[in-house]
Amino acid sequence: MINIICALAENNAIGFENRLLYRLSNDLRRFKELTSGHTVVMGRKTFDSLPKGALPNRRNIVLTRQQGLEIPGVEIYHSLLDALAACPADTEVFIMGGEMVYAEALPTTDRLYLTHVHNTPAQADAFFPEIAADQWQAIEQQEFEADEKNECPYTFATYIRK
Ligand SMILES: NC(=O)c1ccc[n+]([C@@H]2O[C@H](COP(=O)([O-])OP(=O)(O)OC[C@H]3O[C@@H](n4cnc5c(N)ncnc54)[C@H](OP(=O)(O)O)[C@@H]3O)[C@@H](O)[C@H]2O)c1
């Protein structure tokens, strides 16, 4: 199963200057719960944005066009197609960004785990692709208010293809 996991603002913004836009402790926890024990696929820039390198307890796949790049704890692939071909059909694969990889992966994705952040950031330079409302069905939605560890209200939503 190919899943996308992403936190996006109301204008689909997902990042600025290779950083996330929001501090949402519950979103980080949900990300860890959903992806642990499975495979994560990310672009090289998103990998560079991780504070501690490869994510523990997960198979980490990084996409790059650079030849010869080696990163500890990471499998490198030079195309999304090759990366997905290296993932057995009975595994859960989580596409975890950024903009470039989400855009390429969305057409072949089965399920979306989205965190809708109820805010529009002042600045953003990375965006999630448009989600065609007629192609996706929400199967779970949970709304939360802002609190001391989550700076904006947000909704956890899961979508499957119609
Ligand atoms: N809100 C969220 O949930 C979330 C999640 C993840 C990321 N983000 C944000 O997204 C932003 C980064 O997005 P981005 O689009 O700039 O970068 P990205 O998608 O993370 O990485 C782009 C890089 O990945 C490699 N790449 C992408 N597609 C490839 C392909 N098909 N084959 C081979 N290599 C490929 C290339 O690396 P080389 O240049 O090395 O060739 C490319 O420059 C950051 O602001 C980050 O914080 C947000």
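Predicted model: local features only at pLDDT ≥ 70, side-chain atom pairs only at ≥ 80, totals over all residues.
**Entry 1: helix H1**

I began with H1, residues 25-35. I asked which of its residues are buried. I found Asn26, Asp27, Arg30, Phe31 and Thr35. These cover an arc of only 150° around the axis, so they sit on the same side of H1. I then turned to the face pointing away from that buried side. There I noted the exposed residues Leu28, Lys32 and Glu33.

Next I looked up what the buried residues of H1 pack against. The list is made of strands: E1 (2-8), E3 (39-43), E6 (93-95), E7 (111-117), E9 (136-144) and E10 (154-161). I also checked what comes after the helix. Gly37 follows H1, and its phi is positive, near 85°.

**Entry 2: Thr39**

I picked Thr39 from strand E3, a strand that the buried residues of H1 pack against. Is Thr39 buried or exposed? Its relative accessibility is 6%, so I logged Thr39 as buried. Leaving aside neighbours within four places in sequence, I listed its contacts as Arg59, Ile61, Cys87, Glu92, Val93 and Phe94.

**Entry 3: the ligand shell**

I moved to the ligand.

I checked polar atoms next, taking oxygen atoms of the ligand. One is 2.6 Å from an N or O atom in the side chain of Thr64. A backbone N or O atom of Met100 lies 2.9 Å from a ligand oxygen. For Leu63, a polar backbone atom is 3.5 Å from an oxygen of the ligand. I then looked up how much of the ligand is covered. Taken alone, the ligand exposes 930 Å², and the protein buries 90% of that.

**Entry 4: Thr64**

I placed Thr64 in the loop between strand E4 (59-63) and strand E5 (75-77). Thr64 is at 7% relative accessibility, so I count it as buried. Its side chain reaches the backbone nitrogen of Gln66 at 3.0 Å. Not counting residues up to four places away in sequence, Thr64 touches Arg44, Leu69, Ile76, Tyr77 and His78.

**Entry 5: backbone geometry**

Most residues other than glycine have a negative phi, and most peptide bonds are trans. I therefore noted each exception below, with that rule in mind.

Where is the cis peptide bond? I found it joining Gly97 and Gly98, with omega about 0°. Gly98 is in the loop between E6 and H4.

Asn12 is not a glycine, yet its phi is positive, about 70°. I located Asn12 in the loop between E1 and E2. Its relative accessible area is 12%, so Asn12 is buried.

Glu17 is not a glycine either, and its phi is positive at about 50°. I located Glu17 in the loop between E2 and H1. Is Glu17 buried or exposed? With a relative accessible area of 52%, Glu17 is exposed.

**Entry 6: His118**

I finished with His118. His118 lies in the loop between E7 and strand E8 (126-127). I noted a relative accessible area of 33%, so His118 is partly exposed. Leaving aside neighbours within four places in sequence, His118 is in contact with Glu10, Pro153, Tyr154 and Thr155. With Thr155 I also found a polar contact, in which the side chains of His118 and Thr155 are joined at 2.7 Å.

Phe144 is 26 residues from His118 along the chain, and their C-alpha atoms are separated by 9.9 Å.

Notes: Residues numbered from 1 in each chain as written. Heavy atoms only, no water. Buried < 20%, exposed > 50% of the residue type's maximum accessible area, 1.4 Å probe, protein only. Helix = DSSP H or I, 4+ residues; strand = E, 2+ residues; numbered from the N terminus. Arc of directions from axis to C-beta. Contact = heavy atoms within 4.5 Å. Polar contact = N/O pair within 3.5 Å; in protein donor to acceptor, adjacent residues only side chain to side chain. Areas by Shrake-Rupley, 256 points an atom, 1.4 Å probe, with all protein chains shown as cover.
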